[in-house]
Amino acid sequence: MIKSNDIAWLPLNSLRAFAAVHETGSVGAAAEMLSVTHGAVSQHLRGLEDRLQRKLFTRSGNRLVMLPEAADLAENLLRNFRAIAGDIEQYRRDENILNITVTPHFAQYWLLPRLGEFLKRHPEIDLRINADAAMHDLEHGDFDAAVRHGDGNWPGLNSERLLESRDVVVAAPSLLESVSVQTPRDLVGLPWILDEDRDIEMSHWFDDHGVAHLAHKRITRLPSALTLVAALDGHGAAWLPHVYAAPYLTSGRLIQLLGDDTCSEQNTRHYYLCWANSKNSPAFRTFRQWLRQQLAR
């Protein structure tokens, strides 16, 4: 006796052929959709009728006409086959989904300008990017990897240095028309764009150079991703990673204030790619290799 929940007896090929005939409207179209012969589909239909011990079709001339109750069964089969196909596709795609969290600065000024090349080269990878400064649990959370600013020492994680974090003070030419900046103290006479995510770091920089940063003419605090934009628009001087400011220094849209000897510190905090061993997927390894290639240019 066949048990109602026993899948071993199911004639899957015959059921697929039956559902395909219902979907396409004819045996010939079903055969083309399934990439089999007309005779193979007809044989599956006869075998299914024998298995079920019920008629599924009547003949009208040379055409098979599906009985109404058989059409209901075929519609249910189609719905379930599509659900199975969706589950399998989701399972297949999960391996190619890559969730990366990065700092806002890195996302806007380094990653996004280069991202088109990665997407073109690897269309099979569904890359999802989160841009915030928060620290996420890479071992147990949803993210596969992170780009973070720090000393590279995050317990339980692998870290690979990407970019050296050398900071420079910059301003738009329009801001410097009536001001001469020769020493850090001269910066007090300028309006300042402060990266709110790096407030403490910048306070230390001014303290190290003997300047009370709260004594500035005007301080505007903005999120990381807006700091460079505000500096380019001439709203104030800004303290930025050199790697982000470099293209605008070259084009003349920004001017570096003070020399490297004055601005550079013995900095051990850089930009790192971080990941947990449990998240070392093929998609991540592809992304990591692409990052290395970009940095080697």
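Predicted model: local features only at pLDDT ≥ 70, side-chain atom pairs only at ≥ 80, totals over all residues.

Colleague: Why is the pair of Phe118 and Phe287 called edge-to-face?

Modeller: The search of the whole structure finds 10 aromatic pairs. In the pair of Phe118 and Phe287, the ring centres are 5.4 Å apart and the planes stand at 90 degrees. A pair requires centres within 6.5 Å, and edge-to-face requires an angle over 60 degrees, so the pair of Phe118 and Phe287 is edge-to-face.

Colleague: What parts does the pair of Phe118 and Phe287 tie together?

Modeller: Phe118 belongs to helix H5 (residues 104–121) and Phe287 to helix H10 (residues 282–295), so the pair ties together parts 169 residues apart in sequence. Both residues are buried.

Colleague: Why are the rings of Trp154 and Tyr272 called edge-to-face?

Modeller: Their centres are 5.9 Å apart and their planes are at 75 degrees. With the angle limit at over 60 degrees, the pair of Trp154 and Tyr272 is therefore edge-to-face. Trp154 sits in the loop between strand S5 (145–150) and strand S6 (158–163), and Tyr272 in strand S12 (residues 270–275).

Colleague: Why are Trp154 and Tyr272 called buried?

Modeller: Buried means under 20% relative accessible area. Trp154 has 17% and is therefore buried; Tyr272 has 11% and is therefore buried as well.

Colleague: Which residues line the largest cavity?

Modeller: Its lining includes Trp154, Met135, His136 and Cys274. The volume of the largest cavity is about 50 Å³.

How values were computed: Residues numbered from 1 in each chain as written. Heavy atoms only, no water. 1 Å grid on protein atoms, 1.4 Å probe; cavity = no way out; pocket = protein on both sides within 12 Å on 5 of 7 lines; lining within 4 Å. Points joined across faces, edges and corners; volume = space filled by probe spheres on them. Phe/Tyr/Trp six-rings, centres within 6.5 Å; stacked < 30°, edge-to-face > 60°. Helix = DSSP H or I, 4+ residues; strand = E, 2+ residues; numbered from the N terminus. Buried < 20%, exposed > 50% of the residue type's maximum accessible area, 1.4 Å probe, protein only.
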